[in-house]
Amino acid sequence: MTQGPGQHPSPDANGGVGPNGRFVYPDSTPDERTFALLMHLSVLGQWVIPPFAIIAPIIMWQMKKDESPFIDEHGREVVNFQISLLLYAAVFFVLGFVTCGVAFGLVALVYVLGLVGMILGAIASNRGESFRYPMTLRFLN
């Protein structure tokens, strides 16, 4: 069964549900899994070059999205998550000024959410599983 853009697989589409309750892509190759893993981990580049957190996954996803539904899904998730985190951090940063610094602590929570989400996404991609980041606004479907 071929997936179109924005379509996510169902458990009856040549695969099954893994032990974590996530759809498992039975046809994902080790190279696809590694590439998806690197897309999730590319977010770590933000510590060197801050815009790298969103630019790298976009470039990686655009390069391979037409070759694999697995990479397409993971790339879309990474990009949506990074856009969401950027928006959350911006809102909390502005709220920090409005609340005389009280909301600045929420910006730190955005980084924690990003780190935990990235690790969970990387693990799921390495297992060949589908993954949905928590608290993600779905800009790209």
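Reader: Where does Met135 lie?

Author: Met135 lies in the segment after H4. Helices here are DSSP runs of H or I with at least four residues, strands are runs of E with at least two, and both are numbered from the N terminus.

Reader: What sort of model is this, and how are residues numbered?

Author: This is a predicted model, in which local features need pLDDT of at least 70 and side-chain atom pairs count only at pLDDT 80 or more, while totals for chains, interfaces and linings use all residues. Residues are numbered from 1 along each chain as its sequence is written, and side-chain values use heavy atoms, with hydrogens and water left out.

Reader: Back to Met135. What is its phi?

Author: Phi of Met135 is near 55°, a positive value in a residue other than glycine.

Reader: Is Met135 buried or exposed?

Author: Met135 has 55% relative accessibility, so it counts as exposed. The cut-offs on relative accessible area are under 20% for buried and over 50% for exposed, with partly exposed in between (1.4 Å probe, protein chains only).

Reader: And Cys100, where is that?

Author: Cys100 sits in the loop between H3 and H4. Its phi is near 55°, again a positive value in a residue other than glycine. Cys100 counts as exposed because its relative accessibility is 76%.

Reader: What about Glu129, buried or exposed?

Author: Glu129 counts as buried, at 3% relative accessibility. It is found in the segment after helix H4 (104-127).

Reader: What does Glu129 touch?

Author: Leaving aside residues up to four places away in sequence, Glu129 touches Pro19, Asn20, Arg22, Phe23, Val24, Phe70, His74 and Ala124. Contact means heavy atoms within 4.5 Å.

Reader: Different topic. Which elements does the chain have, and in what order?

Author: There are four helices and two strands. The order from the N terminus is β-β-α-α-α-α.

Reader: How do H1 and H2 pack?

Author: The axes of H1 (residues 30-41) and H2 come within 9 Å and cross at roughly 155°. Axes are lines fitted to C-alpha atoms, for helices over the stretch in contact, and angles run from 0 to 180 degrees between N-to-C directions.

Reader: Parallel or antiparallel?

Author: H1 and H2 are roughly antiparallel to each other. That term covers angles over 145 degrees; under 35 is roughly parallel, 65 to 115 roughly perpendicular and the rest oblique.

Reader: Which residues meet there?

Author: Phe35, Leu38 and Met39 in H1 meet Pro57, Met60, Trp61 and Lys64 in H2. By class, that contact has six nonpolar residues, no polar ones and one charged. Ala, Val, Leu, Ile, Met, Phe, Trp, Tyr, Cys and Pro count as nonpolar, Asp, Glu, Lys and Arg as charged, and the others, Gly among them, as polar.

Reader: And how do H2 and H3 cross?

Author: The axes of H2 (residues 52-64) and H3 (residues 69-98) come within 9 Å and cross at roughly 160°. H2 and H3 are therefore roughly antiparallel to each other.

Reader: Which residues of H2 and H3 meet?

Author: From H2, Ala53, Ile54, Pro57, Ile58, Trp61 and Lys64 meet Ile71, Asp72, Gly75, Arg76, Val78, Val79, Gln82 and Ile83 of H3. The contact of H2 with H3 has nine nonpolar, two polar and three charged residues.

Reader: Last one: how much of the chain is buried?

Author: Buried residues make up 40% of the 141 residues.
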